[in-house]
Amino acid sequence: MEWKKGMYKISDASDALDLDFICRELSKSYWAGERVRSSIVESIRNSLCFGLYDALGKQVGFARVVTDKVVFSWICDVIIHEDYRGRGLGKWLMSCVLEHPDVKNTKQRLATRDAHGLYEKFGFQTDEMMTRRT
């Protein structure tokens with residue numbers, strides 16, 4: 001699937017993903033900073049992934065969903081490059097993820113330590129089972 005908004009595009013096409021971008025951005029995160037590249041690549045191969053691209057086709061965002069496509073979806077690894085934050089792209093990316101036919105009818109979960117405000121806008125509530133502890 002593909003969504004367009006202004007000069008940006010979101011796609012679930014796995015062959016369009018920029019693995020260098022994803023690995024670099026995840027290495028900066030508190031939740032995936034210690035993952036090795038091979039683990040990231042394998043996790044992408046086994047998940048439903050979304051790339052966010054600018055007008056030139058450069059990847060500027062990413063989200064990954066682990067799902068059985070019927071009952072359960074875990075939304076994870078949501079990232080927007082720091083130069084593109086504050087433009088509503090994270091909200092748009094989440095909207096596209098949640099409307100995807102493989103996700104929208106499942107029970108959706110996620111874990112976050114610092115983005116509760118963003119995810120509450122989409123109806124997520126704190127769930128102790130999915131809370132990340134460090």
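**Notes on the predicted model**

1. Helix α3 is mostly covered, eight of its 11 residues being buried. The buried set consists of Leu89, Gly90, Trp92, Leu93, Met94, Cys96, Val97 and Leu98. The model under review is a predicted one, and the values below should be read accordingly.

2. What does α3 lie across? The helix, residues 89-99, lies across β1, β2, β3 (48-53), β4 (59-67), β5 (72-80) and β6. Relative to β5, α3 runs at about 155°.

3. The overall composition of the chain is four helices and six strands. In sequence order these elements follow the pattern β-β-α-α-β-β-β-α-β-α. Of the 134 residues in the chain, 43% count as buried. The accessible surface comes to about 7,700 Å², and carbon and sulfur atoms account for 49% of this surface. Where contacts join residues at least 6 apart in sequence, 58% of them link residues at least 24 apart.

4. The six strands make up an open sheet in the order β1-β2-β3-β4-β5-β6, and the pairing is mixed. Its edge strands are β1 (2-5) and β6 (107-110), each of which pairs on one side only. On average, neighbouring strands of this sheet are turned by 20° against each other, direction ignored.

5. Strand β1 runs antiparallel to β2 (residues 8-11), and four bridges join the two. Together β1 and β2 form a hairpin with two residues between them. In the turn, Gly6 has a positive phi of about 60°. Within this pairing, Glu2 stands opposite Ser11 of β2, while Lys4 has Lys9 of β2 as its bridge partner.

6. How many salt bridges does the count come to? The count comes to eight salt bridges.

7. Asp77 and Arg64 form a salt bridge in which the closest N and O atoms are 2.8 Å apart. This pair links distant parts of the chain, with Asp77 in strand β5 and Arg64 in strand β4, 13 residues apart.

8. Because Asp102 lies in the loop between α3 and β6 and Lys69 in the loop between β4 and β5, the pair ties together parts that are 33 residues apart in sequence. Asp102 counts as partly exposed at 22% relative accessibility, and Lys69 is partly exposed at 49%.

9. In general, an α-helix has 3.6 residues a turn, so residues three or four places apart point the same way. Glu42 counts as partly exposed at 37% relative accessibility, whereas Arg45 counts as exposed at 56%.

10. Ser43 is also found in helix α2, which spans residues 37-45. With a relative accessible area of 16%, Ser43 falls under the 20% limit and is therefore buried. Its side chain reaches the backbone oxygen of Ile40 at 2.7 Å.

Conventions: Residues are numbered from 1 along each chain as its sequence is written. This is a predicted model: local features need pLDDT of at least 70, side-chain atom pairs count only at pLDDT 80 or more; totals for chains, interfaces and linings use all residues. Side-chain values use heavy atoms; hydrogens and water are left out. Buried means under 20% relative accessible area, exposed over 50%, partly exposed in between (1.4 Å probe, protein chains only). A polar contact is a pair of N or O atoms within 3.5 Å; within protein, one must be able to donate a hydrogen and the other to accept it, and residues adjacent in sequence count only if both atoms are side-chain atoms. Two strands pair if DSSP finds at least two bridges between them. Axes are lines fitted to C-alpha atoms, for helices over the stretch in contact, and angles run from 0 to 180 degrees between N-to-C directions. Contact means heavy atoms within 4.5 Å. Accessible areas come from the Shrake-Rupley method with a 1.4 Å probe; for residues, only the protein chains shown count as cover. A salt bridge is a side-chain nitrogen of Lys or Arg within 4 Å of a carboxyl oxygen of Asp or Glu.
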